[in-house]
Amino acid sequence: MLLKFVKSREFFLFMFIVVFSLAITVVNPNFLTVENFADLLKSFTVLGIFSLGVLIVLLSGGFDLSFTAIAQVAQYVVVYFFVEYEVDNVFFAIIATMVIGALLGLVNGVIIYYYHITAIIVTIATNSIYIGFLYVITEGELLYDIPESFSFLSDTKIFPMVNASGAEVGICVGTAFWFLLCILVHLFIKHTVLGRSIVAIGGNQLSASRVGFNICRTTLFIYTFVGAMAGFASLIQCAVFQSVVPNSMVGHEMEVIAAVVLGGASVTGGRGTVLGTFLGVLLFAVLSNGLTLMKISPFFYQIFTGIVILLSVSVNALQDLHRKHSQVRVQVKED
Amino acid sequence: MLLKASQITKRYGGVTALDHVDFDMEKGEIHGLAGVNGCGKSTLMKIIAGAEHQTSGKIYIDDEEKPPYSPAQAMKYGIGIIYQDLSLFPNLSVFENIYLSRVLASGSKTVRSAQYRAGVEEIIKELGIELDLDATLDELPIAKQQLVAIIRALFNKTRLIILDEPTTALTTQEIEHLFGILKTLKAKGVSFVFITHKLTELKEVCDRVTVFKDGHLIGTYKNDETLTIGAIEKAMLGKELTYKHYDSNSNPDKVLLEVSHLSKKNNFKDISLTLHEGEVLGIAGQLGSGRTELAKALFGAEPADSGTIKVDGKEVDCSSIHSSVESGFAYVPEDRLALGLVLAQSIRRNATICSLKRLSGLFGVLNLKLYKELALRLLDELKVKYGLVSQPISSLSGGNQQKVVIAKWLAINPRILILDSPTVGIDVGAKSGIYDTVHEKAKEGMGFVFISDELPELLSNCDRIAVMSHGRITAVCNTSDLTEEKLQQIIAQ
Amino acid sequence: MNEHVKRRSVPRIISENFVILILMVAVYLLMWAMDGHDFVAMNNLSSMAYQLPILGLLSLGMMIAMLSGGINLSIIATANFNGIMIAVLIKSMAGGSMLDASGAVVLLCIIGAFICSMLVGVINGLFISLLKIPDILVTLGTMSIVGGVNVWLTEGYTISDFPQSVLALGNSTILGIPSALIIFVIGAAVASFILNRTSFGHELYMMGSNQQATRYSNVSLVKVTVQQYMLSSFFAVLCSLVMIGQLNSVKADYASSYLLVSILAGFLGNVNPFGGFGKVAGTVIAVIILQFISSGLNLMGVDSFLITAMWGLIIIVVVIVKGAVPKIKKARLERKNSN
């Protein structure tokens, strides 16, 4: 059992994060402070919540490239109308963004399920539809007037601590929601029939339908769920940045997918864990922050991301090839 | 009576797949089904399992008429089907594979696995097997996965289990083990439908055998001393399959292929054999004896670790398909649909794929005239029946497909052609066509390695037969000294 | 013998692309109806002739990757990389200003950049075929790396003022025809020739449908995949030359919106997203349709973002229509049977 864990992707990621963190700390001691870490987690909360949605899609063997567009739309609509009608309630906002996100995601699900077409193509299409119309209708205008209550997500700390200079530091509510969602999604995947059916469909869709899993409901749920997660993430994003910029997230889909893949999820479905995904996001966070603290040009960040993706998928691939190679095909009689 | 199907007819579009078929199952019975591909046996089983619905006819379960039902409903009636692909989840644990369908049937929203554990363990104990419930399914060998599928069916309280070709991927011992389990369960009142193309297995394990041909039920026979394999075969094919005797073309003075001490870890060990010009060397041996692995090593698809291979007395490199083919090898794989053909592409593309390099000049530019001519010539030579060369090869019958696989290799004149179970699932006419081609080419000096499960086929076609078992060659005999019984004995040793 | 049974009255290029040809004509008429004289005016036609090659060349490169059921996400990064490499190489060899560079230097630099771009294709091909990693992940990785290199080399700025000899490749006219269009037409012809008339083309289609069976027919998957992605890169290179000619500058994020459109062109042009099937002619016709739409909408003064949304809508409509056709056929068949 222990050996299995030591050999697992999660352990490998964890060790990598630890080693890398130590290396950065040697160069810049500011890295390993509560303040820096809380900030780091806060700025990666959005990516983290996106990644939970993406994990569910990849687990089922699907794909989604439209979640950032969904997030932009949900964010814009909610902020615009909340300001317009002077509703200043963050909890309503959470519900509203998630509902809008869920509906837009459901559209993907319906098309993918009923027309049996590659999810990649459908979601590329809906991505451009959502973003296109968002721009056309809003004319690309930015919103700076964010309802005040939203800052609850980004500024309020749970278990606040006071640092040497007297400022409050700690994990913000948004990040706490991320952690909570991680736990909920983990429980959902492991212990509900719907969660297991997602994993089962990712393992073998034909078997799943023969055994009696409801493929239709599951597919629709998956894409709805990504949409809802995207909606929620978008609200945190606008709380953190205190602005709504219609192109602030779109175009970063691949980073999210990369983080999930780095966390051990397979793009062909059926494999992936919440812990792995969480560590994948964390590794990205540590890398980006580390590169900044080590005063390495931000231009390198993208290159670094690419190399990390290629390396991590190569490790997976080599393991698979090795396993296939060393398989016992024939019980050879020895002398 | 457990199940009775009466006057079942099934039409797809204009095609009649089943024509007024009557079929019944007793409690605690193993009922074998035989027939060539497309004879309707699978269609009937799908209807019984609820995966398809009959166009007309009635099904009675426990003497009660049931309207067409769904697979889930079938499960409630106690009918389950285990497809050839097993329908399991490679990424889930063994335990979960077993209990998940039960959770689904219960309508519960959450999974509480602990309550199922005792039940599953009890079934495993009753069967007297060892199974690690917490292992991930794809870590298990295929035989164990098969047991998982059976245990899952039992756990769902299935009274009638339909097994679709369960033995194709199993070794001899595994098959024996499976049969043991079937008999244990039969004694407990579980019924099985057993579909296979290996007639010896029907004879060995079934209580009754039903034969299908072209959508008709030819007959249901009690499996006693009066039922012979020949009789089943005759019912299946409509005529008796006779094996011609071929004169040997072997030239004992010229050694074409000499393999010495070829080994590959976990595949085969210390293989030495020779093949003469114009000789047909048979390889007999059960699945898992290493015969296919040896063939793939000679072909360079999965190269050996050590040993030497000589062609025409010169040592050759077989470390990749490319170098093996350069050395004169060609291989017709066992799995025609996955490895032999690109089903979606045209007949012409499939027929010419191996010759493209010869048909092209500078920068790989094809000579279109030669390309088109070659395709027609090859198809003509092997008497392939087809409509248009541009049609997908999936439109051909199995026998004609196999002829194209052979044709694509003959086009480049290999020195040694390895045929791995080339006649499985194809009709009688195509079979004898393939035998004729083999001997025609042998006359021209080509050497053949002929792997097969069908002993009469080996005896009629081969000059010598090597027997493999546990990754080794255990005997090499001249066919003239052999009878089927004798060969059977040698294999069983 | 069987070959001559069926007589062909229409050329294959028309019969195979019948639906999209009709669509092309319909779109043309529609745009004509909506824009009136402007759409068929000479300057609109010539501006289409300038714009079409960029999308066209990218779509061809994308289509070649799609033939094995993949998507080359790195294609636009590669195109920009090629342009940036040309600029960087010329600058370093000519010492500062690109305008001072001699013809020989320019040629050398174009070749140098070409080799670098081909290398991207080789890396893609090797990772996909040797390690058997899904192509989308490999090209995602190389997109990120190459895109990062682009940003790093340019520091996020635009590099402009190319020497006339480079610009001429993509921005001159021969007998009144824009050179970009000529490059595209030749490129399409070459692609078609390679796919239909060479052993590589045949092997690629076969590999797209069934990798293992193709391997068991003595075809090296590594070789075919590497060649495939080199060819895909090659079209990115051509595209980059045209882009330099028309924009007289390079930047790390040029043409990034074309990634979607090039996939759309393949999809609309009947390239099977699961691999094995797809023709140059279909893709070219699809590109023309898309160009008609985008130019037509542009003339109407439609917002460019609405055009983006249109691309998405077109995909969805195509998906729905493609999904509906077999259902209608099936329903008709069943009605026939019941009679």
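Hi everyone, and thanks for coming. Please keep in mind throughout that we are looking at a predicted model.

Let me start with chain A and chain C. On the chain A side, 35 residues are in contact, and they meet 42 residues of chain C. How much area is buried between chain A and chain C? The value is about 3,400 Å², and carbon and sulfur atoms give 87% of it. For anyone new to that kind of number, the size of an interface is often given as the accessible area lost when the parts come together.

What about charges and polar groups here? Between chain A and chain C the count of salt bridges is zero, and two residue pairs are in polar contact, counting pairs with both residues at pLDDT 80 or more. If you want to find this surface on chain A, look for four helices: α5 (90-115), α6 (119-138), α12 (253-262) and α14 (299-325) each supply at least two residues of the side that touches chain C. Which of them gives the largest share? That is α14(A), with 14 residues. As for the make-up of this side of chain A, 27 of its residues are nonpolar, eight are polar and none is charged.

Now let's turn to the other partner of chain A in this talk, chain B. Here 32 residues of chain A and 34 residues of chain B take part in the contact. Chain A and chain B bury about 2,700 Å² between them, with 53% of that area coming from carbon and sulfur atoms.

How many salt bridges cross the interface of chain A and chain B? The rule finds three. One you can pick out on the screen joins the side chains of D85(B) and R210(A), with 3.0 Å from N to O. There are also nine residue pairs in polar contact between chain A and chain B, again with both residues at pLDDT 80 or more. On chain A, the elements giving two or more residues to the side that touches chain B are α9 (193-203) and α10 (205-211). The largest share, seven residues, belongs to α9(A). This side of chain A has eleven nonpolar residues, twelve polar ones and nine charged ones.

Let's stay with chain B and look inside it. Chain B is divided into domain 1, residues 3-237, and domain 2, residues 251-492. Their C-alpha centres lie 34 Å apart. Where the two domains of chain B touch, ten residues of domain 1 are in contact with eight residues of domain 2. The two domains bury about 660 Å² between them, 56% of it on carbon and sulfur atoms. The domain 1 side of that contact is made of three nonpolar residues, six polar and one charged.

Next, a sheet in chain B. Strands of a sheet pair through backbone hydrogen bonds, either parallel or antiparallel. In this open sheet of chain B, four strands run in the order β12-β11-β14-β15, and the pairing is antiparallel. Why is one side of β12 (268-277) and of β15 (314-315) left without a neighbour in the sheet? Both of these chain B strands stand at the edges and have a single partner strand each, so one side of each has no neighbour there. Further in, β11 (residues 251-264) and β14 (residues 306-311) of chain B pair over five bridges in the antiparallel sense. One pair to look for is E258(B), whose bridge partner in β14(B) is K310(B).

Finally, back to chain A for a hairpin. Strands β1 (residues 157-162) and β2 (residues 168-172) of chain A pair in the antiparallel sense over four bridges. There, M161(A) has V169(A) of β2(A) as its bridge partner. Between β1(A) and β2(A) there are five residues, and in the turn G166(A) has a positive phi of about 95°.

That's my tour, and I'm happy to go back to any part of it.

Note on methods: Residues numbered from 1 in each chain as written. Chains lettered and ligands numbered in written order. Predicted model: local features only at pLDDT ≥ 70, side-chain atom pairs only at ≥ 80, totals over all residues. Heavy atoms only, no water. Domains from an automatic or database assignment. Contact = heavy atoms within 4.5 Å. Buried area = accessible area lost by both parts, 1.4 Å probe. Nonpolar A, V, L, I, M, F, W, Y, C, P; charged D, E, K, R; others polar. Salt bridge = Lys/Arg side-chain N within 4 Å of Asp/Glu carboxyl O. Polar contact = N/O pair within 3.5 Å; in protein donor to acceptor, adjacent residues only side chain to side chain. Pairing = 2+ DSSP bridges.
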